[in-house]
Amino acid sequence: MSPRALRYAAAGAGALALIMVPFALTDYGLYVLSLWAFATIAAIGLNLTFGHAGQVSLGQGAFVGIGAYTAALLTTRGWPFAAAYVVAFIICFALGWGVGYPALRVRRPYLPFLTLALGAFVFLVFRNEEWLTGGVYGINRVPRPSLFGLSTAGPLGFCYFCLFNLAVVSAAVWCLLRSPWGRALAALRANPLRAEAVGIDTRLYTLIAIALGAGLGGVAGVLYAALLQYVDPTPFSLTMSVSLLLMVVVGGSGRLLGPFLGAAAAVVLPEGMRFAQNYYLFGYALAAILLMAFCPTGLIGLGERLLMTLARPSAAAKAPP
Amino acid sequence: MADVLQLLIAGLATGGVYALAAIGFTLLWQTSQTVNFAQGEFVMLPAFFVLFAMNVLGLPFAVAALVGIAVSVFVLGFLFNRTVVDQTLRQGALPLVISSIAFALFLKEGVKDFAGAEPQPFPPLGAGSVSIGDATLPVHSLVTIVVAVAAVAALQAFLDRTQVGRSIQATAHNPSVARVLGIPVERMIRYAFVINAALAAFAALLITPVYLASFSNGEWLGLCAFVAAFAGGLNLRGAIVGGLALGLVDNLAAVYLTPTYRGALPLAILVAVALFRPQGLLGRSEEAGV
Amino acid sequence: MNALLSVHDLTKRFGGTPAVDGVSFALEPGEILGVVGPSGSGKSALVDCVFGQLAPSSGEVRLDGRPITGLPARELSRLGLARTFQRVQVFSQLTVRDNLIAAGQEHRGSLWSRLVGPADAGLAGTAAEMMAFFRLDDLADQVAGTVTDGQQKLLDTAMAFMARPRLVLLEEPAAGLDEAALGALRERLRAINAQAGATFMIVDRDLHFVTSLATRLLVLGKGRVVAEGDVDTLRNSGVIEAEST
């Protein structure tokens, strides 16, 4: 089987597994799977910003939070769920553009610090502006939507809703990356000098990637609000931003399946390691440091290296004399 | 009048700490193009070494402080450079950026997991307060200003008057030219890491009594170090000016603004710098953006 | 006839020393201008200033009479300028075909059409033509970083033509090519010049290659124009014999 066919087959098998697995899970298992879907969406967004445009954003947690609060505020006031997606995406896209534009004007690395500052500010808004966000008490009783007349209120229904969201986002991003936009991003990452010389507006495409990544963070946040049905400031900290970035990196930055693997390592794995739960982030950070030192292409890169060393003996046998 | 004096002293004290953190960060950037995202944690961690030396090893504060500084300099200055930085740089610059971000999380979570999440008190460098007219000035703040000034003066003297110091300056000014001149750039970079760790350790002794020793100190301190460094223009003098200015502005904001708006300051400053003066206050205009 | 490109008193300083010192010249449409001179004569800096990689310290560049001095490279690309670089600059991680499409896609349609339109931006045909023209067809799906240096060089050159430019700069197009490849390249370039009426500037240290193609020469020395004129005149007056490396 050619490598490409192998990849499609694996993806297909994975998708099939995801469709069937929820029936075998407990309520808690469904919660973890839903959380994984949420994290993957946020990581897919960040993968656009970092993996494809090479920009470090430390603010994805803030965008997730903005999305979550937007959804909570709108749906508890009777607005339709679809509106929450649209509003959250627009706000986060605009905010992402708003910090990306000044950041790209400075020749030195600047976006990481700007997004760090944004995250700090946004967190304070969540925590202190009680009139808007409910402060530390948060917003309660966030409703879950109904899709095509089917309610997603129960764990199984909502889990499928999350997987559906993930499927839509993945498909959309996949189409984007295959389009000339995706090619422009790949070109500007491969050789910015030549990209400029052939007319690729590197700044514009980078800005788009940053804003889209932020927008997808907002979309993920909407899902998060409906998953927990309760929104408070605590989760949307720098720790979430860093965790999401590390998910992208550990999975394999710039790779389509990277966010899926990275989110699995960050969300699903700790559930299987209950004894080490409190120390998990500590270990995850250490794993990221080691990966960066020895295999920066992440788990996918590690997997590919493994496959290559396994395939070499047979390749040598097939090579012409 | 008393208020102004109190505010001034408080601002200079905080500013001095920010300046120390910003100077170290700038030195690393200038000599090796390394962005140390863990700079805030470099200031958070030494306090815990000192507390360990005091509470577990039973050492008196003065000795514990020296032990804490020495261990920090060794681990965060020497060890970090030799192991993580050297190995990761072989993979490129971007992996190192991620590594330092991960290292910040590693240190933060490590302290939370092994030293507890509760903020712990930390002995100040001077107890009580003095009265000058109507103003009540904490002794610790005055000591902070003195120590920060002394540290910067010592660093300046080292950089200007010693052979090694001048080589470090040359490396900071232009690493490629320094290499051509025969300066062992790699060694200068190691020294820069050691100096950074030392400055951060001093900053820890100065700020931890005020903030209490907590694993989360690094976030705000790091952000302030970055803002001070960038607003200053990513050179040493700029780091000092930026740090002091930020300390004064921050203390003013703490008095006159709500916590939310105070938290907006770093963002506002960074955006303003990017839009109106990308090279920073004391930066050269060729370093401005496109 | 209005000059296509006119450069007036262009100067570029790095610190105190001028790498380009008051250079002026003009290019007529359809010409092939060779820019020659020893190492350090300012050839690279001059073309970098004209084509947007560097901002000139002073002086003026005009395209069709309109000033384009100091415009960024992506603007110049849209105005019809294209170039190759001394060190091969391709998109190593992309396939050969994608390299070519990337080199032309920004000139097709709008930003929006590039998102919702066809994945190849309508350039599959042009890319195929280009690959055939430069004998790169069987490498279409290979990653650019894995083909030979000579093939990368040809790809680099092919990329410059994807947007049907009016003025092309070729910097050291002959470097690293063997006799056969040189001959093929020379023939390709002559064909493009004849068919599409494209104007060329060729910068190269290989005097032999340049003089076999160029109609006119610009000779640089220490950042200044030392001589200018058609190849035969310069040969007869002995100028280019003395200046060749």
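Me: Which C-alpha distance separates chain B and chain C at their closest?
Reply: Their closest C-alpha atoms lie 10 Å apart, and no contact joins chain B and chain C. Bear in mind that this is a predicted model.

Me: Which chains share the most contacts, then?
Reply: Two pairs of chains are in contact, and of these, chains A and B share the most contacts. Chain A puts 36 residues into that contact and chain B puts in 38.

Me: Which helices of chain A supply residues to the side that touches chain B?
Reply: H4, helix H5 (111-128), helix H11 (238-251) and helix H13 (280-294) of chain A each supply at least two residues of that side. H5(A) gives the largest share, ten residues.

Me: What classes of residue are on that side of chain A?
Reply: The side of chain A that touches chain B has 30 nonpolar, two polar and four charged residues.

Me: And chain C, how many of its residues are in contact with chain A?
Reply: In chain C, 25 residues are in contact with 18 residues of chain A. Helix H2 (73-78), helix H3 (96-105) and helix H4 (113-116) of chain C each supply at least two residues of the side that touches chain A. The largest share, five residues, comes from H3(C).

Me: How does that side of chain C divide by class?
Reply: It divides into 13 nonpolar, six polar and six charged residues.

Me: Back to chain A. At what angle do H4 and H10 pack?
Reply: Helix H4 (residues 81-105) and helix H10 (residues 202-228) of chain A pack at an angle of about 145 degrees, with their axes 7 Å apart.

Me: Is that crossing left-handed or right-handed?
Reply: The crossing of H4(A) and H10(A) is right-handed. Their contact has 18 nonpolar, eight polar and one charged residues.

Me: Changing topic: how many helices and strands are in chain C?
Reply: Chain C has ten helices and ten strands. Its radius of gyration is 18 Å, close to the 18 Å that the globule rule gives for 245 residues, so chain C is as compact as a globular protein of that length.

Me: What box do its C-alpha atoms fill?
Reply: Taken along the principal axes, the C-alpha atoms of chain C fill a box of roughly 55 × 40 × 40 Å. Of its 245 residues, 44% count as buried.

Me: What is the strand order in the sheet of chain C with six strands?
Reply: The order is E6-E7-E8-E3-E9-E10 in chain C, and the sheet is open with mixed pairing. Strand E6 (81-83) and strand E10 (224-230) of chain C are the edge strands, each pairing on one side only. On average, neighbouring strands of this sheet are turned by 15 degrees against each other, direction ignored.

Me: In what sense do E7 and E8 of chain C pair, parallel or antiparallel?
Reply: Strand E7 (residues 167-171) and strand E8 (residues 199-203) of chain C pair in the parallel sense over five bridges. C:Glu171 stands opposite C:Val203 in E8(C).

Me: And E1 and E2 of chain B, parallel or antiparallel?
Reply: Strand E1 (residues 129-132) and strand E2 (residues 135-138) of chain B pair in the antiparallel sense over four bridges. B:Ser129 has B:Pro138 in E2(B) as its bridge partner.

Me: How many residues lie between the strands of that hairpin?
Reply: The hairpin of E1(B) and E2(B) has two residues between the strands, and B:Gly133 takes a positive phi near 65 degrees there.

Key: Residues are numbered from 1 along each chain as its sequence is written. Chains are lettered from A and ligands numbered from 1 in the order in which they are written. This is a predicted model: local features need pLDDT of at least 70, side-chain atom pairs count only at pLDDT 80 or more; totals for chains, interfaces and linings use all residues. Two residues are in contact if their C-beta atoms, placed from the backbone, lie within 7 Å. Ala, Val, Leu, Ile, Met, Phe, Trp, Tyr, Cys and Pro count as nonpolar, Asp, Glu, Lys and Arg as charged, and the others, Gly among them, as polar. Axes are lines fitted to C-alpha atoms, for helices over the stretch in contact, and angles run from 0 to 180 degrees between N-to-C directions. A crossing is left-handed if the near helix is turned anticlockwise from the far one by less than a right angle, and right-handed if clockwise. Two strands pair if DSSP finds at least two bridges between them. The radius of gyration is taken over C-alpha atoms; the globule rule is 2.2 Å times the number of residues to the power 0.38. A residue is buried if 20 or more other C-beta atoms lie within 10 Å of its own, exposed if 12 or fewer, and partly exposed in between; C-beta atoms are placed from the backbone.
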